[in-house]
Amino acid sequence: MKESPWPRIGWRNLGRNRKRTALTALGLGVGYFACVFVVGWSEGIMSELVENATSLVTGQIEIHDAEYRPDRSLYDTIGGREGADVEALLRAIDADEAVVAAAPRVYAGGLVSSGEATSAGMFLGVDPEREVALTRFLDSLVEGALPVAGRYELVIGEEMGRQLSVGVGDELVLVGSGADGSMANDLYTVAGIYRTGLVEFDASTVVMPIGDLQEFVVLDPDRIHEIAVATAEPDLAPEAARRLSGVLDVPARPIVVASWVELNPVLAEYVALGESFYWIIIVIVFAVAAFGIANTMLMATFERRREFAVMLALGSTPRAVVGIVLTEALAIGAVSLAGSAAFTFPLMVWLYNAPPSLEWLYGNVTLQGALLTPSLRVGYNVPAWTWASVGLLVTALFSALYPAARAARIPPADTLSGL
Amino acid sequence: MSPITDENNAAVRTAGVWKIFHQEAEEVRAVQDVSLTVERGEFTALAGPSGSGKTTLLNLIGGLTRPTRGQVWVAGREVSEMSNRELAQLRLEQVGFVFQAYNLLPVLTALENAEFPMLLQGVAAAERRARVQELFARTGMEGLEDRRPGKLSGGQQQRLAVVRAVASRPALVLADEPTANLDSHSSEALLDVMAELNWDLGVTFVFATHDARVMERSRRLVRMVDGHIDSDETRA
């Protein structure tokens, strides 16, 4: 194979003006870091949004009676009036490879009173043991303990406690409608107080054992409104939902198995939009870098016009001169990539594992119904990193195209004569 | 279109060649109606004062610039109408250049500079090394193989430029003021080398010079004045 002198010349040329080479490489490296960091931070924000939207309260998949949404009628329980074999359903769900937890739920609406103060409330009946495996909002109560079934205990959100001026040990009156048409009311003791950070949820949701709520609204034990399911990763939910749709059998009435993507389409679109912005960020950052590098490369090739003229005079083709400038640009790109990757990746690992707080900059934010904590948490996005690397090398090559074309068109005689 | 072949098959032939430059509104006739034939194996000097058109004529012969009018043949091939790629190929295969300002590639060592045209030709590494070592020995450049041009004296750089020009075994070497930056001793040594190469390898040399030593050593002296040939003298 014919040996080529161009890689050797291109590589050695990097050392001729080290400051300029370093500045050019730095320009590309900063662009690379900006892409990886901004994409990583966006990824972190999106991951936290999805994670909080799906693991704080709701779960990644919800299973309902087909008629339940959007009206959320008390009567539209899974299996209708006949109910369903909840244990069998839970066993089938738990058997799916992507599922890590599942819990049955009952919902009802009503009023919550304490003394003179009254508030509208949503009553959520849960299996406390299964619920803590599924979601996070009951994991660490601000105060008190989880309610015990049969003891007329419940937990409320911190905001509701503040509005009704009640705390652990205080009594609340719940008023609602029973499934049999009766007026339901009873006295409960506040066993604990939770805080999700979602102010509306914390102000309105009363949580009690599922059996207690079924008794309150006069629903049989096999009548539930929802089974919430957690998957190992939010991304696994749509496929797991499709599988569960085929597996779960409720003869009496059709059911709907929906992932968070269907349940919260606005959030799903927001995440998809964020991901599409990654490419816009990469293109903008490298486009800006390209102009700076093209300018530097143009200056570098102009200073070496005489050398290119000599190469052409000695029999190099114009294409070969283009090749040497591009080789040099690629070499700068490779050096820049190595240097910036050596700096960027350890930083990303650190930010991923120990994200610094940004509380000094902003407080908790609720976005698309999900809580976002103020931190510099980043996510890993290997495809974006790969494309940023490709973008860096392409930018280096692209920036050198015009200078290379200029170098190839140098008139050897005029240049060597100093014209 | 294939280049027209020169029936005479001389090393160089020009026929009614003109080169006119336009500098702002002024027209500069650098070469005017020059017809010249250089046979293979000649050791020819183009002499004349600065601005007489010597360098421009060398550039026309080497295909580094195109004539405004007229024709140029090198090794029997008409170069005036060749594409840039064909010209590059012709220079690579047939022509060696020695420039007044050396024009060595600063990032390459002496050895790599000397090998450069052969590398472009695709000559095998062992063959390249053997040719360069032999020429280094003949030009007193032994031991300087790994030095870069910046670490060589003016004389060493000019000898290296000569080695680079002849190592690829061109039929024709065009040398523009090859002794301009050298002292008399170095000039004589360099001329000895070129004369040996001319004699031993049959390489045709055409010099552009106003150095009396070069004129004395040449076997044919073509004097140029104001872009045209004033005299053409062949010595015994």
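Both faces of strand β8 of chain B are covered. B:T204, B:V206 and B:A208 are buried on one side, and B:F205, B:F207 and B:T209 are buried on the other. A residue counts as buried if 20 or more other C-beta atoms lie within 10 Å of its own, as exposed if 12 or fewer do, and as partly exposed in between; C-beta atoms are placed from the backbone. By that count, six of the six residues of β8(B), residues 204-209, are buried. In a regular strand the side chains alternate between the two faces of the sheet.

This is a predicted model, in which local features need pLDDT of at least 70, side-chain atom pairs count only at pLDDT 80 or more, and totals for chains, interfaces and linings use all residues. Residues are numbered from 1 along each chain as its sequence is written, while chains are lettered from A and ligands numbered from 1 in the order in which they are written. Helices (H or I, at least four residues) and strands (E, at least two) are DSSP runs, numbered from the N terminus.

Now look at the neighbours of β8(B). Two strands pair if DSSP finds at least two bridges between them. Strand β3 of chain B, residues 43-47, runs parallel to β8(B) and pairs with it over five bridges. There, B:F43 stands opposite B:F205. Strand β7 of chain B, residues 172-176, also pairs with β8(B) in the parallel sense, over five bridges. B:L174 has B:V206 as its bridge partner.

Strand β1 of chain B, residues 12-23, is joined to β2(B) by nine antiparallel bridges. One pair of bridge partners is B:K19 and B:V31.

Next comes the interface. Here 21 residues of chain B are in contact with 21 residues of chain A. Contact means that the C-beta atoms of two residues, placed from the backbone, lie within 7 Å. On the chain B side, α1 (54-61), α2 (84-94) and α3 (110-121) each give two or more residues. The largest share, five residues, comes from α2(B).

Chain A has 14 helices and 12 strands. Of its 419 residues, 42% are buried. Strand β7 of chain A, residues 183-194, pairs in the antiparallel sense with β4(A), residues 143-144, over two bridges. With β5(A), residues 153-157, β7(A) pairs in the parallel sense over five bridges. Seven bridges join β7(A) to the antiparallel β6(A), residues 171-177. In the hairpin of β6(A) and β7(A), five residues lie between the strands, and A:G181 takes a positive phi near 95°.

Finally, confidence. pLDDT is the predictor's confidence in each residue, from 0 to 100. Chain A averages 88, and 98% of the residues score at least 70.
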